[in-house]
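Please open the model in your viewer and keep the selection panel at hand. The stops below say what to select next and what is there.

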Amino acid sequence: MKSVDNQTYKDMEYIVVDNGSCINLDDTVESFMATASIPIMYIKRSEGIGPHTGKNSAIKEARGKYITMLDSDDELLPNAIETLVRTWESLPQNAECPYREVVAQCIDEFGNRVGSPFPEELNNCTPQEAFKIWCRPGLASEHVNMNLTQLLKEKPFPEPEGVTWVVDSVILWNRLSKGYKSYFINHTLKRYYVGSADSITNTQINKVTPQHLKNMLFAHKFELNHWDEYDYTFKTRLDRTLKVMLYKQILRSNGQMLDYDWVKQPVKGALNNTLMVLWFLPCVVGAQIFIKKKM
């Protein structure tokens with residue numbers, strides 16, 4: 001929170017969301033609000049199933065043209081917001097393929113760049129070409145983004161019952177990559193604490209849990225049901241139909257397939273369903289192998 005108040009750019013608001021925390025944050029946040037140099041909004045939720053619900057609360061109330069999100073393992077460097085806003089203001093307008101975000105890089109707590117620098121050609125690519133480059137090893141790491149607020153208001157994160165983590169890269173960012181461009185800068189604007197207990201680096205899953213499978217099952221069903229909104233290949237469709245069928249078989253075998261509406265609703269599309277039927281028998285066998293090795 002201090003890193004936000006220490007920004008060189010002050011024409012902004014800061015929305016702090018207590019998303020059903022198990023500890024009392026009121027004294028900490030109210031003390032910060034009393035001394036901060038920028039307007040602060042404090043949203044206190046009685047419960048929050050997953051970070052996507054807290055993000056939706058903030059996006060709904062946000063009044064600025066642009067929005068960036070800061071998690072508990074993040075700290076903005078002093079010129080971060082100013083650099084991102086100035087970059088946005090310098091971008092050319094393109095009605096056919098507008099920009100949706102400015103993306104910058106991070107350093108870790110030791111001052112080292114996280115991931116690889118963006119290639120020079122990235123900003124001259126189509127969204128489709130940029131997405132392929134983005135998937136290269138070293139590039140798909142932690143970054144700092146500044147998005148158009150209105151775009152996120154129009155496409156909020158879904159809040160399905162029983163899902164504790166909506167995979168934002170799958171549900172939102174990959175989806176917006178069709179029809180919108182990103183602008184990449186190699187400035188390092190955020191300190192990302194890779195050593196913190198809740199950083200991505202330290203939350204890699206060694207044993208796959210039923211909850212993780214439910215989260216991923218929702219994400220891949222969402223992709224298949226909104227297929228025309230993505231710019232995916234047929235190979236990706238094969239991968240997603242396989243995973244949906246496999247995860248369903250694993251959860252059924254474990255007695256974990258719950259009676260949620262989104263689970264009961266069939267996947268849309270004749271091709272999707274045909275592929276899932278073809279995957280059925282391999283997944284029945286694969287589920288048993290998966291349970292023994294991964295769960």
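Begin with I289, which counts as partly exposed because its relative accessibility is 44%; here buried means under 20% relative accessible area, exposed over 50%, and partly exposed in between, with a 1.4 Å probe and protein chains only. The model is a predicted one, in which local features need pLDDT of at least 70 and side-chain atom pairs count only at pLDDT 80 or more, while totals for chains, interfaces and linings use all residues. Residues are numbered from 1 along each chain as its sequence is written, and side-chain values use heavy atoms, with hydrogens and water left out.

I289 sits in helix α11, residues 270-294, where helices (H or I, at least four residues) and strands (E, at least two) are DSSP runs numbered from the N terminus.

Next, select E13 and R63, a salt bridge whose closest N and O atoms are 2.8 Å apart; the term means a side-chain nitrogen of Lys or Arg within 4 Å of a carboxyl oxygen of Asp or Glu. E13 lies in the loop between α1 (2-5) and β1 (14-19) and R63 in the loop between α3 and β3 (66-67), so this pair ties together parts that are 50 residues apart in sequence. R63 is exposed, with a relative accessible area of 66%, whereas E13 is partly exposed at 22%.

How many salt bridges does a search of the whole structure find? The search finds 14, and among the residues involved, E223, D239, R240 and K243 are linked in a network.

Move on to D168 and K55, whose side chains meet in a salt bridge (3.3 Å, N to O). D168 belongs to helix α7 (residues 168-176) and K55 to helix α3, so the pair ties together parts that are 113 residues apart in sequence. K55 counts as buried, at 17% relative accessibility.

On a 1 Å grid over the protein atoms alone, a cavity is a set of points where a 1.4 Å probe fits but cannot get out, whereas a pocket is an open set with protein on both sides within 12 Å along at least five of seven lines, and lining residues have an atom within 4 Å of a point. Grid points are joined across faces, edges and corners, and a volume is the space filled by probe spheres set on the points.

Finally, select helix α5 (residues 127-134), which supplies four residues, the largest share, to the lining of the second largest pocket. About 190 Å³ of space lies in this pocket, and its lining includes P127, F131, N174 and Y232.
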